Amino acid sequence: MTASSQIPPAIQIEDDRTGVTIPTLRRALADNLYYVLGKPPDGATLNDYYLALAYTVRDRLMQRWMASTHTHRLPTIKQVIYLSAEYLPGPHLGNNLMNLGLYETVQQAVAESGLDLATLLACEEEPGLGNGGLGRLAACFMDSLATLEIPAIGYGIRYEFGIFDQEIREGWQAEITDKWLQSGNPWEIARPEDAVFVKLGGHTEASTDETGCYQVRWIPHQTVKGIPYDTPIPGYRVNTVNTLRLWKAEAPESFDLSVFNHGDYYGAVDQKVISENLTKVLYPNDEPIQGKQLRLKQQYFFVSCALQDLIRTHLAQGGRLERFHEKFAVQLNDTHPAIAIPELMRLLVDDHHVPWDLAWTITQQTFAYTNHTLLPEALEVWSLDLLGQLLPRHLEIIMEINRRFLEDVRLKFPDNGEKMGQLSLIADQPFRSVRMAYLASVGSHAINGVAALHSQLLQKTVLRGFYDLWPEKFLNITNGVTPRRWMLLSNPRLAQLITRRIGDRWIIHLQDLRDLEPLAEDPEFRAAWRSVKQANKQALAQRILERTGIQVNVESLFDVQVKRIHEYKRQHLNVLHIITLYNRLKQNPSLDLVPRTFIFAGKAAPGYVQAKLIIRLITAVGEVINRDPAVGDRLKVVFLPDYNVTNGQPIYPAADLSEQISTAGKEASGTGNMKFALNGALTIGTLDGANIEIREAVGSENFFHFGHKVEELSQLRSQGYDPRRYCDHSPELNRAIHRLESGFFAQGNRDLFRPLVQSLLNDDPYFLMADYLSYLNCQEQVSQAFLNEATWIRRSILNTARMGEFSSDRSIREYAHQVWQVQSVPINLQPYSQSEA
Ligand code: KOT
């Protein structure tokens, strides 16, 4: 007998928390239902089953997650730290199943247990912890970081109430509070043992210690406790599982007690409420809320929690603070976390006694800053008054950073007092305030915009002075989207068709989609492509019917604009086109018009009156057109309520035409534009943001562009722009505007849309009137193109085939090499005890 044959065969006991066979998964589901949720199978709700399934999947992430966390902490491994006030990850269950490679098996296991996976997936409330593009980008980046096996932690705020749910009531937006945590969140794990304390308010005291060292002490007015909640972020078919660590504010217990001991029970409870208010709600504006103290508290709170967490783990691993920037590359997602710069200085200088100059070198080497907007109203400033009240020590540090910086400027540009005023981190007008974009620029070693045009404009306008000083700090990194969520998960029909023809490497190497190009000439492939699109349109039509009661024609052109509602995004230009088509039909009822279904979705900030009126305009125009028998099913206008990640997923795969019609120079990048083109929609767009690069990639013959360019608009502006002139020269524009003025879409109410009409006629800051004719002509070309089905499908295939560079994997590779200097770290899955040995 040989030695090996003496070893008894391993008994195959599949662990209920790791096994992935169908019987094991079924047992695990029942086990979690009973023992974790405390529900018998016959008394369980659908949500209980969803939760049990989520725990079953989470269990299967655990070994990879712990191995990743353990490996990523090693001092030799550099980690990306993404600081973002917003994240919009979308529902986790489907994505995690996909990334683990368990989708089909679990689908079957669930079916054999008498359940339907799609129904369980629909139970998940998505974490709406963001407003739009910036938060969604953070989520795509987290997916790509994990898929590329790059060690990363995303830090943010665990808002109890995320972005509001939107309902449409009598055509108007109504805001409903978001209750994402109400039925339990199976994906997060609270880590109270990792809590940190954050100081707020009070004053500082300077002193000289026994060695003659100058020291500052911050005596706060209030302290809050930050509790981290961790969510696993698995990569696609790799062992890496990164962490999204979100902080919740609580009152420190000691504080409660001291008040309680003085007999003021209600006072203690009050304090608890005040502390917990800090992370209660996401500010629902897409542009910042000037001067709101609570918002500044939120920003400082999560940033301080994050940096304290990093310093603590670094020191615990035997790391030295001089090497902090060799361990962590910290990315600032716009200026919302820019207070991290003085906070790291404070922690290093005041708490850890690092000399100022060394602390400043570490800080600059640690941070990099991404700018996401040039809109003047969105550039953050904090008044010195407010900052000084809430963060007195940080104000001192910012003033010292500014003093030293302006000293350098003075040496470089002697006798140029104007330059100092231009570059100062402190603005004097309209009130004394800190310019956060300047602070972020001075404290970072790299500054990037999010599309080529945007990066150029950033250098030429908002950050011009800094570009002149340090051109080498500036770069462009064009945004991208994750093909896992935005193709594989949301468009399974197209994903399967593609994989059948070119294999499945495109899921992680999106450039492989190029291999589809020759198939664009293949009639059989085109037919299959068309069937997929039709099936997706059919599915969306069904949802439209369920959500709005509107019946749409799936043979019509699906013309889609989904994004936040904002004047610069120009949903109302789209409406002017719709009204023009309607006018033509009314003038000539037998007109041979290419049938279209106009689909809109998007939330307006609750306080943004004009944006809410644009929603009312869309629904009002829809109400008239949709029920006009003279129109039939040639035109339909749909507003789909409550646009979010979940509701967006079935929209992109069903679109024929993607509307990307912002005023040139206003949309930093856009990412919806990428999701549409990747899913085979053709774009009608201005030369703005990433549209320019998309057009170059897909070919100008497969992209409908219109409108004035940035330079042409500046010229119009400098010549004295007169929007009324365009009405005088275009009878159709005149008629469309007149329809609005006359109250035709408002049951005769001439006042309803007056603010919109007045804005268009009097100043038209977003140049709708100037771009109208060009848009109209371009839409005519779209209609003609749609009539030729074979060439439309060919162009659709070519769009998908050529969108490979717009994967967020490509964006992340660029950040990794050009900004962070980080490498992939494959995760070894030895059992924990063995890897320790
Ligand atoms: C909001 C407030 C202040 C500063 C920036 C924003 C912001 C910018 N929020 N979302 N964005 C969008 O970010 C996306 C990701 O980079 C871009 O694609 C999009 O154009 C921005 O509008």
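Which residue in E17 is the bridge partner of Gly-449? The legends below take up this question after an overview.

**Figure 1. Overview of the predicted model.** The model shown here is predicted. The protein chain holds 35 helices and 23 strands. Its C-alpha trace spans about 90 × 90 × 60 Å along the principal axes. The radius of gyration is 28 Å, which agrees with the value near 28 Å for a compact globule of 837 residues. Of the 837 residues, 48% are buried. Take contacts between residues at least 6 apart in sequence: 76% of them join residues at least 24 apart.

**Figure 2. Strand E16 and its two partners.** Strand E16 covers residues 446-449. Strand E12 (residues 367-370) pairs with E16 in the parallel sense, over 3 bridges. In that pairing, Thr-370 has Asn-448 of E16 as its bridge partner. E16 also runs parallel to strand E17 (residues 474-476), again through 3 bridges. Here is the reply to the opening question: Gly-449 has Asn-476 of E17 as its bridge partner. The residues of E16 point two ways. Ala-446 and Asn-448 point one way, while Ile-447 and Gly-449 point the other way. All four are buried.

Figure 3. Helix H12 spans residues 340-351 and is mostly covered. Of its 12 residues, 10 are buried. Among them are Ile-341, Leu-344, Met-345 and Leu-348, and also Glu-343 and Arg-346. His-353 follows H12. It sits in the loop between H12 and helix H13 (356-366). His-353 is not a glycine, yet its phi is positive, at about 55°. Most residues other than glycine have a negative phi. Is His-353 buried or exposed? It counts as exposed, because it has 12 C-beta neighbours inside 10 Å, and a residue with 12 or fewer is classed that way.

**Figure 4. Thr-363 in helix H13.** Thr-363 lies in helix H13. It counts as buried, because 27 C-beta neighbours fall inside 10 Å and the cut-off is 20 or more. Which residues does Thr-363 touch, leaving out those up to four places away in sequence? They are Ile-341, Leu-344, Met-345 and Gly-443. Ile-341, Leu-344 and Met-345 are themselves buried residues of H12. Val-330 is 33 residues from Thr-363 in sequence. In space the two are 9.6 Å apart, C-alpha to C-alpha.

**Figure 5. Helix H2 crossing helix H3.** Helix H2 covers residues 22-36, and helix H3 covers residues 46-73. Their axes come within 8 Å and cross at roughly 115°. The crossing is right-handed. On the H2 side, the contact is made by Leu-25, Ala-28, Leu-29, Asn-32, Leu-33 and Val-36. On the H3 side, the residues are Asp-48, Tyr-49, Ala-52, Leu-53, Tyr-55, Thr-56 and Asp-59. By class, this contact has 9 nonpolar, 2 polar and 2 charged residues.

**Figure 6. An open sheet of 6 strands.** The strand order is E20-E19-E18-E21-E22-E23, and the pairing is parallel. Which strands form the edges? They are strand E20 (635-639) and strand E23 (703-705), and each pairs on one side only. Neighbouring strands are turned by 20° against each other on average, direction ignored. Within the sheet, strand E18 (residues 557-562) runs parallel to strand E21 (residues 657-660), joined by 2 bridges. Asp-559 has Leu-657 of E21 as its bridge partner.

**Figure 7. A cis peptide bond at Pro-430.** Gln-429 and Pro-430 are joined by a cis peptide bond. Its omega is about -10°. Most peptide bonds are trans. Pro-430 is in the loop between strand E14 (426-427) and strand E15 (433-435).

**Figure 8. Gln-747, with a positive phi.** Gln-747 is not a glycine, but its phi is positive, at about 45°. Where does Gln-747 lie? It is in the loop between helix H30 (731-741) and helix H31 (754-762). Gln-747 counts as exposed, because it has 10 C-beta neighbours inside 10 Å.

How values were computed
Residues numbered from 1 in each chain as written. Predicted model: local features only at pLDDT ≥ 70, side-chain atom pairs only at ≥ 80, totals over all residues. Rg over C-alpha atoms; globule rule 2.2 N^0.38 Å. Contact = placed C-beta atoms within 7 Å. Axes fitted to C-alpha atoms, helices over the stretch in contact; angles between N-to-C directions. Left-handed = near helix turned anticlockwise from the far one by under 90°. Nonpolar A, V, L, I, M, F, W, Y, C, P; charged D, E, K, R; others polar. Pairing = 2+ DSSP bridges.
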